[in-house]
Amino acid sequence: MPVLHKSVLPRETIELLDVHSNHDYIDCTLGGGGHASSMLDQNAPRGRVLALDLDEEAIAAARISLAAYGKRVEFARGNFRDLATIAAERGFTGVDGILYDLGFSTDLLRIRGRGLSFMVDEPLDMRFDLACSLTAREIINTWPEKDLADTIFEYGEERNSRRIAKGIVQTRKSRHIETTKDLVDVIVRSLPARSRHGRIHCATRTFQALRIAVNDELGCLTESLKGASGLLKPGGRIAVISFHSLEDRIVKHQFREWAVDGAGTLLTKKPITPTDEEIANNPASRSAKLRGFEKKQHP
């Protein structure tokens with residue numbers, strides 16, 4: 001399977017993590033393996049990387065692409081919500097750096113058929129982990145109108161959330177909404193003409209909201225960050241690449257809370273963003289924001 005996903009902010013991320021030879025790191029979001037590969041190049045000859053992902057197919061592909069690094073890379077399938085437990089089980093406590101790249105892989109978007117993109121007609125699933133029971137189809141076809149509207153507004157920051165929720169409920173009175181195309185059609189019909197055309201597709205925010213709700217993305221991030229700090233050595237660093245304001249707000253507030261409590265230092269008062277050149281080469285990077293935190297050194 002080809003790797004379609006391009007790592008975002010690759011040079012800036014490695015520099016922010018301050019990756020050194022023979023130090024150990026954790027990549028919480030393996031994806032296509034680009035960031036993990038860069039870490040392994042920098043922490044040779046004896047440094048290790050724990051590579052974590054929910055997607056079995058991503059891990060299988062990375063086992064091939066990262067095979068040359070041998071036992072220096074250890075793979076783990078799991079939710080980074082459970083990072084502290086997974087890392088302890090594999091001997092990755094007291095690490096020098098932890099990375100989160102919160103953008104989901106282009107492979108997952110284009111190939112896997114999980115209904116994450118409104119550009120192709122697929123079943124409304126949206127689960128990153130197929131072992132989980134909640135799907136976008138269940139949300140769309142069973143949740144009360146108010147809950148739908150609140151979710152689309154809170155997680156998608158969609159101003160027309162109530163119109164969209166009303167349209168969904170009216171439609172499902174006569175038929176189930178089964179596919180991404182079904183949902184896009186409902187969204188388009190629910191919006192006033194002036195809102196159907198803009199800089200981004202009019203379904204973008206609703207799809208984002210459903211994906212976040214299905215996978216509890218914000219809850220996972222909040223919980224994982226709290227556990228991550230305990231895995232770092234003094235002087236160890238956490239770097240997070242986020243792609244929308246809700247994620248970035250969680251990261252910013254957590255890092256500031258740690259800094260105010262004297263647990264360490266903010267490495268980025270303002271987030272690092274991609275250069276114009278990177279955006280031209282990888283348009284998916286345009287909304288990326290990179291923030292970093294360094295754990296307090298021993299006195």
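**View 1. Leu99 and Ala239 in the pairing of β4 with β5.** In this predicted model, Ala239 of β5 is the bridge partner of Leu99. Strands β4 (residues 95–101) and β5 pair in the parallel sense, over six bridges; two strands count as paired if DSSP finds at least two bridges between them. Strands (E, at least two residues) and helices (H or I, at least four) are DSSP runs, numbered from the N terminus. On β7, Ala239 has Gly292 as its bridge partner, and β5 pairs with β7 (residues 289–295) in the antiparallel sense over six bridges. Of the 11 residues of β5 (232–242), nine are buried, that is, under 20% relative accessible area (1.4 Å probe, protein chains only).

**View 2. The open sheet.** Seven strands with mixed pairing follow the order β3-β2-β1-β4-β5-β7-β6. The edge strands β3 (73–77) and β6 (264–266) each pair on one side only. β2 (residues 49–53) and β3 run parallel, joined by five bridges, and Ala51 stands opposite Phe75 of β3.

**View 3. The loop residue Ser117.** Ser117 lies between α5 (106–110) and α6 (136–142) and is buried, with a relative accessible area of 10%. A polar atom of the Ser117 side chain lies 3.0 Å from the backbone nitrogen of Met119.

**Notes on the views.** Residues are numbered from 1 along each chain as its sequence is written, and side-chain values use heavy atoms, with hydrogens and water left out. Because the model is predicted, local features need pLDDT of at least 70 and side-chain atom pairs count only at pLDDT 80 or more, whereas totals for chains, interfaces and linings use all residues.

Methods: Buried < 20%, exposed > 50% of the residue type's maximum accessible area, 1.4 Å probe, protein only. Polar contact = N/O pair within 3.5 Å; in protein donor to acceptor, adjacent residues only side chain to side chain.
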